[in-house]
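Hello,

Please find the structure below. My notes on it follow.

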Amino acid sequence: MRIPEQRQPTAWYILIILAFVVLFIVTSYKYNLTDRMFPLMVGYFAVPLLLMDLLSLTDTKIGGQISLFFSGKSQKQVDEDADPTPRTLGQELIIFVWMGALVLGIYLIGFLPCTPVFVYCWMKYRGGYSVRQSAYLAIGTIVFVYVLFELILQYELYPGIFLYWYG
């Protein structure tokens, strides 16, 4: 399997994420049965998606078919349409800092309070959306998360460590 040079940074990024997902899955098995169901579902859905993404970067027949199926473009067209702006390692690490802040926020204050704050900040500061658009997206996201998980699935979302300490 050969990955062209221009796609190698993306491949490394996918491999790092894959390593985190595998660690996530292994760690999830330490939880009791009820608590590990959702993290395992997310992890086991992520692994094949990441592997397909990695395969789509290769100059193989299956890589080309995956690319064509999901993007509607050949690998050559995807390469031609790619953003030519070089991204530094520092810029990539900034994304990891954002994701780390999200995980820390969820750990400390829980899913429901952290979700709209993160979505708002991401859309406003990373996405360049206006205050109004960012607020609408944050409200829409929290409504979606609450309705889907709390009401429909009746799954109690993690409330955060502060609630355990002060609740």
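**T58 and the loop it sits in**

T58 lies in the loop between α2 and α3 (61-71). Helices here are DSSP runs of H or I with at least four residues, strands are runs of E with at least two, and both are numbered from the N terminus. Before going on, note that this is a predicted model: local features need pLDDT of at least 70, side-chain atom pairs count only at pLDDT 80 or more, and totals for chains, interfaces and linings use all residues. Residues are numbered from 1 along each chain as its sequence is written, and side-chain values use heavy atoms, with hydrogens and water left out.

Back to T58. Is T58 buried or exposed? T58 has a relative accessible area of 0%, so T58 is buried. The cut-offs are under 20% relative accessible area for buried, over 50% for exposed, and partly exposed in between (1.4 Å probe, protein chains only).

The side chain of T58 has two partners to look at. One is the backbone oxygen of L55, at 2.6 Å. Another is the side chain of T60, with a polar contact at 2.8 Å. A polar contact is a pair of N or O atoms within 3.5 Å; within protein, one must be able to donate a hydrogen and the other to accept it, and residues adjacent in sequence count only if both atoms are side-chain atoms.

**The chain as a whole**

The secondary structure comes to eight helices and zero strands. Read along the sequence, the pattern is α-α-α-α-α-α-α-α. The C-alpha trace spans about 55 × 40 × 30 Å along its principal axes. The chain has 167 residues, and buried residues make up 25% of them. Take the contacts between residues at least 6 apart in sequence: 52% of these join residues at least 24 apart. Contact means heavy atoms within 4.5 Å.

The chain divides into domain 1 (5-81) and domain 2 (89-166). These bounds come from an automatic or database domain assignment. The domain centres, taken over C-alpha atoms, are 23 Å apart. Domain 1 gives seven residues to the contact and domain 2 gives five.

How much area do domain 1 and domain 2 bury between them? About 450 Å², with 79% of it on carbon and sulfur atoms. Buried area is the accessible area (1.4 Å probe) that two parts lose on being put together, summed over both.

On the side of domain 1 that touches domain 2, α1 (8-28) and α2 (33-56) each supply at least two residues. The largest share, four residues, comes from α1. By type, that side of domain 1 has six nonpolar residues, no polar ones and one charged. Ala, Val, Leu, Ile, Met, Phe, Trp, Tyr, Cys and Pro count as nonpolar, Asp, Glu, Lys and Arg as charged, and the others, Gly among them, as polar.

Helix α1 holds I16. I16 is partly exposed, at 40% relative accessibility. I16 and Y166 are 150 residues apart in sequence, and their C-alpha atoms are 36 Å apart in space.

L23 is in helix α1. L23 counts as exposed, at 51% relative accessibility.

S28 is also found in helix α1. S28 is buried, with a relative accessible area of 2%. Leaving aside neighbours within four places in sequence, S28 is in contact with R36, P39 and L40.

L54 belongs to helix α2. L54 is buried, with a relative accessible area of 17%. Beyond neighbours within four places in sequence, L54 is in contact with I3, A11, I14 and L15. L54 and L18 are 36 residues apart along the chain, and their C-alpha atoms are separated by 9.8 Å.

**A backbone angle to check**

Q154 is in the loop between α7 (131-152) and α8 (161-166). Phi of Q154 is near 50°, a positive value in a residue other than glycine. Most residues other than glycine have a negative phi. Q154 is exposed, with a relative accessible area of 66%.

Best wishes
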